[in-house]
Amino acid sequence: MNLYHKIQDLEKRPLLSKHECLVNGIISSIDDRSLTYGDVLPSVNKMVHELGYARKTIVKAYEELKERGIVSSKRRMGYFVASEATEQKLKVAILLYAFQTFQERFFNTFRENLGENIHLDVYFHHQNSDVYRSILKEINGKYGMYVVAPIQDQSYQELFNDIPFSKILFVDRFVPLGAQYSYIVQEFERSFYKALYELSETLSHFSECILIYKSGSDYPKGTLLAFQKYCEDFGVKSKIIPKYLPGSLQEKAVYFTIGDTDLWEILKDCKRYGVEVGTEVGILSQNDSPVKELIEGGISTFSTDFMEMAKMAARFVCDREPVRVVIPSVLIRRKSL
């Protein structure tokens, strides 16, 4: 039985709409191998001619199958079978900075909170503009939903112009691309200033505050601005360095780390030189993790709730209700400060 006959046969079922007949007819043809991966589907015009359905009904059916990753399309080439996994209800792309510990927690929680039969592909751009642009161009139009941790640059807005607002969610960092976009993001500047203020009494026992901040990286600018403002407001001796160099440990200094590589190097030097963390050297690390809770009696962190962010992101994907949430980062005090 060819595709048209299958669709027409489904019309005999009184509870099925024409849209459902189209979707189920194509899926049935894939399941019985009448259609296989790479096969070209009839054009919209051909479907209109053979079935007599409205053009918008056929386009709607093809678009639903595209969202599920079963069908894909290319300009001037039409629609074709992209996957034989017909049981999947939705195909989702998630684009993150890198597979760091806190983003791994976000990803795992996000995946666990998605519904059944959802296909999830993960990509990483590593704050590389060329990689970012290449990935977005490659995945555009191939997924039903997109979750993106964006590079904070408005010049990339055109990369999202072809993705409907209802299908994309920005997470982690805020980029002002328009009020119509959904986002669940961190807040850095006010939150970090507040954290430093809460630490004022403790910081007064140290001689200097050192922020390790690498320009041109994915480090949040709000953290830098808050550090500079706090130190200026309260006359705190401070400096900003791009990375921690092994062997350069300063006693009675407080180190604020964003990248975990710097944190590990500082801890190794503390151990190497017999310097006690929390009294002779203070440490505050951005982005919490189970490891930081355990090592050296606990590393104080400045962090948002990535697991809650992930749960909210999963709800957006499943429910498609617009969401615009800023999750403040908070101070988690432990032995290191």
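**α7 and α9.** I looked up where α7 meets α9, taking contact as heavy atoms within 4.5 Å. E189, F192, Y193, L196 and Y197 in α7 meet G222, T223, L225, A226, F227, K229, Y230 and D233 in α9. Helices here are DSSP runs (H or I, at least four residues), strands likewise (E, at least two), numbered from the N terminus. The model is predicted: local features need pLDDT of at least 70 and side-chain atom pairs 80 or more, while totals for chains, interfaces and linings use all residues. Residues are numbered from 1 along each chain as its sequence is written, and side-chain values use heavy atoms, without hydrogens and water.

**H19.** I found H19 in helix α2 (residues 18-31). H19 is buried, at 14% relative accessible area; the cut-offs are under 20% for buried, over 50% for exposed, partly exposed in between (1.4 Å probe, protein chains only). Beyond four places in sequence, H19 is in contact with T57, K60, A61 and E64.

**Cores.** I then checked the nonpolar cores (buried Ala, Val, Leu, Ile, Met, Phe, Trp, Tyr and Cys joined through side-chain atoms within 4.5 Å). The largest has 27 residues, and I94, F106, F110, V171, I184 and V317 have the most contacts inside it. At least two residues each come from β3 (90-96), α5 (101-112), β5 (145-148), β6 (168-172) and α12 (306-319). With 8 residues, α12 gives the most to this core. Another core, of 24 residues, lies apart from it and includes I26, I30, I58 and A61.

**F110.** Leaving out residues up to four places away in sequence, I list V92, I94, L120, V147, A310, A313, A314 and V317 as touching F110.
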